[in-house]
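Here is a short report on one protein model.

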Amino acid sequence: MTTTDPRRAIDAVWRIESPRLIAGLARMVRDVGLAEDLAQDALVAALQQWPESGVPDNPGAWLMAVGKRRAVDHFRRTAVAERKHEEIGRAFGIEQETAGQDLEAAVEDDFGDDLLRLIFIACHPVLSTDGRVALTLRLLGGLTTEEIARAYLVPESTVAQRIVRAKRTLAETRVPFEVPTGADVASRLSSVLEVIYLIFNEGYAATGGEDWMRPPLCDEALRLGRVLAELMPGESEVHGLVALMEIQASRFRARVAPGGEPVLLLDQDRSRWDHQLIRRGLAALARAEALGGGIGPYSLQAAIAACHARARTAEDTDWERIVALYDALAQIAPSPVVELNRAVAVGMAFGPAAGLELVEALASEPLLDGYHLLPSVRGDLLSKLERFDEARDEFLRAASLTRNARIRELMLERAAACAGNGSRRR
């Protein structure tokens with residue numbers, strides 16, 4: 001074994017075990033910030049000992065045992081020492097080093113419930129959106145502050161502040177470490193699904209930077225979605241979100257040209273789509289639909305994605321069904337972005353003039369002010385109507401609004417093409 005092997009092994013173990021470790025410790029100490037500190041203490045102990053002793057057979061249980069001992073040490077040093085020490089000691093019996101089956105039990109007991117609790121607390125609505133995303137990637141993804149900052153193209157200090165504020169908010173508002181029940185489930189689950197999909201979308205179509213996609217973020221969101229589906233198999237919208245992400249992820253290879261340029265959906269080589277991911281997505285969608293109780297917004301978006309996935313060519317796409325699905329989505333989750341996407345589908349199904357009419361109605365929508373896709377869609381529809389001068393202006397406006405370099409280049413190319421078509425017509 002080389003000198004770098006132990007560190008790589010520890011990094012790999014940490015990525016796998018840290019969510020369950022933090023979740024288990026949070027159940028014990030009822031404080032997510034303290035649980036992460038204890039988990040970090042266990043990691044430091046591993047970095048000190050494993051290079052000499054080797055990685056244990058059950059590294060997760062080893063880390064949990066160390067974390068539990070650190071928890072007892074912490075409460076011994078605090079004002080609530082005796083009461084907390086006796087309480088934790090009675091509950092978890094940490095008198096000395098455990099081994100064998102006891103170690104395994106230490107990490108496996110209530111793992112599913114613990115992880116579900118951690119998911120719900122990291123995505124709690126009391127936190128800001130940025131805070132929920134950062135805390136989720138930190139606690140459940142095992143990403144370092146530096147890795148999160150790099151993924152979102154923000155300073156490391158900004159991410160660190162978001163995480164600190166999120167932990168402080170959870171502590172100050174005394175958010176209980178529990179899975180919501182009753183009427184709270186729907187709103188709390190909605191927050192969890194929103195966070196996971198925000199992470200996926202930033203990877204799928206990056207809002208800024210030099211790259212159009214950041215696949216590691218998509219991979220992390222997919223992993224979280226699949227874990228949540230295992231923990232909450234009776235929730236149709238969980239399966240709907242997983243279906244949506246699986247189908248969209250199937251296009252990764254076809255979405256980027258060899259030089260890194262974006263390849264839009266209708267121009268993609270569908271033979272490069274990942275058909276295993278498509279099958280997984282369609283199966284997840286079938287599970288969502290089988291659970292009944294009314295189809296939700298993620299399942300509807302998955303059904304739209306499925307229309308594209310089932311079409312062997314772009315020309316085979318059932319655009320009229322997609323319009324109907326967007327109509328349903330607009331009823332249960334109305335938003336200007338949904339209306340803009342619906343306008344695209346109407347333009348494909350019933351002609352660009354019909355689509356443009358809907359887009360024009362969105363021109364004064366405040367929530368779309370500064371949203372580069374509005375002039376981009378309008379430019380596309382105008383170019384199809386051969387109104388090239390107007391289309392060029394819209395593409396130039398879209399280029400000025402986007403913060404993503406690849407999308408800016410694409411918009412400028414489309415503007416130049418419109419200028420060329422316009423001059424030829426004159």
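Is the crossing of H7 and H8 left-handed or right-handed? The crossing of H7 and H8 is right-handed. A crossing is left-handed if the near helix is turned anticlockwise from the far one by less than a right angle, and right-handed if clockwise.

## Basis of the model

This is a predicted model: local features need pLDDT of at least 70, side-chain atom pairs count only at pLDDT 80 or more, and totals for chains, interfaces and linings use all residues. Residues are numbered from 1 along each chain as its sequence is written, and side-chain values use heavy atoms, with hydrogens and water left out.

## The H7–H8 pair

H7 packs against helix H8 (residues 145-152) at an angle of about 130 degrees, and their axes lie 10 Å apart. H7 is therefore oblique to H8. Oblique covers what remains after roughly parallel (under 35 degrees), roughly antiparallel (over 145) and roughly perpendicular (65 to 115). Axes are lines fitted to C-alpha atoms, for helices over the stretch in contact, and angles run from 0 to 180 degrees between N-to-C directions.

From H7, Val 133, Ala 134, Leu 137 and Arg 138 meet Thr 145, Ile 148 and Tyr 152 of H8. Contact means heavy atoms within 4.5 Å. The residues of this contact divide into 5 nonpolar, 1 polar and 1 charged.

## The whole protein

The protein has 21 helices and 2 strands. Both are DSSP runs, numbered from the N terminus: helices (H or I) have at least four residues, strands (E) at least two. Of the 426 residues, 50% are buried. Buried means under 20% relative accessible area, exposed over 50%, and partly exposed in between (1.4 Å probe, protein chains only).

Among contacts with a separation of 6 or more, 65% join residues 24 or more positions apart.

His 124 sits in the loop between helix H6 (111-122) and helix H7 (129-139). His 124 counts as buried because its relative accessibility is 14%. Beyond its neighbours within four places in sequence, His 124 touches Arg 132, Leu 170, Val 175, Arg 188 and Ser 191.

Leu 265 lies in the loop between helix H13 (252-255) and helix H14 (275-290). Its relative accessibility is 21%, so Leu 265 counts as partly exposed. With neighbours within four places set aside, Leu 265 contacts Arg 251, Arg 270, Trp 273 and His 308.

Asp 41 belongs to helix H2 (residues 32-53). Asp 41 is partly exposed, at 33% relative accessible area.

Definitions and conventions. Ala, Val, Leu, Ile, Met, Phe, Trp, Tyr, Cys and Pro count as nonpolar, Asp, Glu, Lys and Arg as charged, and the others, Gly among them, as polar.
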